[in-house]
Amino acid sequence: QAQLAESGGGLVQAGGSLKLSCGHSGRTFGNYAMAWFRQAPGKEREFVASVSRSGRTTRYADSVKDRSTISKDNAKNTMYLQMNSLKPEDTAIYYCAARNTFISEWSGTLRANYEFWGQGTQVTVSS
């Protein structure tokens, strides 16, 4: 069973950058497709980006596409989300999620696609 821990959140000015990390405690990190979701106050948790177990296939929400890069380092058991040109509307708690899958290039965009979740890290973007 995977245990996930996010880090890298914080307070940043609009236009700035942050790199979020998600560490995975299991020995089979390479078997997991992973994703980032976020939840702003009073809003539903929404998909941000996902990466296949191989790390080669990625998907992005339109709201962050062209500003963000998701990556997965199977040797370090860590997933990353590099976010640039941050906007106040990016303010949210960011959660990483994981799912054990046999499908090398699959990753999902729905909350129901993932079975393991981290506790979240706060990202606040000031205007």
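**Entry 1: disulfide count.** I began with the cysteines and found that the structure holds 1 disulfide. I note that I am working on a predicted model.

**Entry 2: the pair.** I identified the partners as Cys-22 and Cys-96, whose sulfur atoms lie 2.1 Å apart. This counts as a disulfide because the cut-off for the sulfur atoms is within 2.5 Å. I recall that such a link is a covalent bond between the sulfur atoms of two cysteines.

**Entry 3: geometry and placement.** I looked up the torsion about the S-S bond and read 55°, which makes the link of Cys-22 and Cys-96 right-handed. I then located the two ends: Cys-22 sits in strand 3 and Cys-96 in strand 9 (residues 92-100). The pair is 74 residues apart and links distant parts of the chain.

**Entry 4: accessibility.** Are Cys-22 and Cys-96 buried or exposed? I found both Cys-22 and Cys-96 to be buried.

**Entry 5: strand 3 and its partner.** I followed strand 3 (residues 18-24) to strand 8 (residues 78-83) and recorded antiparallel pairing over 6 bridges. Within this pairing, I noted Leu-81 of strand 8 as the bridge partner of Leu-20. In general, strands of a sheet pair through backbone hydrogen bonds, either parallel or antiparallel.

Key
Residues numbered from 1 in each chain as written. Predicted model: local features only at pLDDT ≥ 70, side-chain atom pairs only at ≥ 80, totals over all residues. Heavy atoms only, no water. Pairing = 2+ DSSP bridges. Helix = DSSP H or I, 4+ residues; strand = E, 2+ residues; numbered from the N terminus. Buried < 20%, exposed > 50% of the residue type's maximum accessible area, 1.4 Å probe, protein only.
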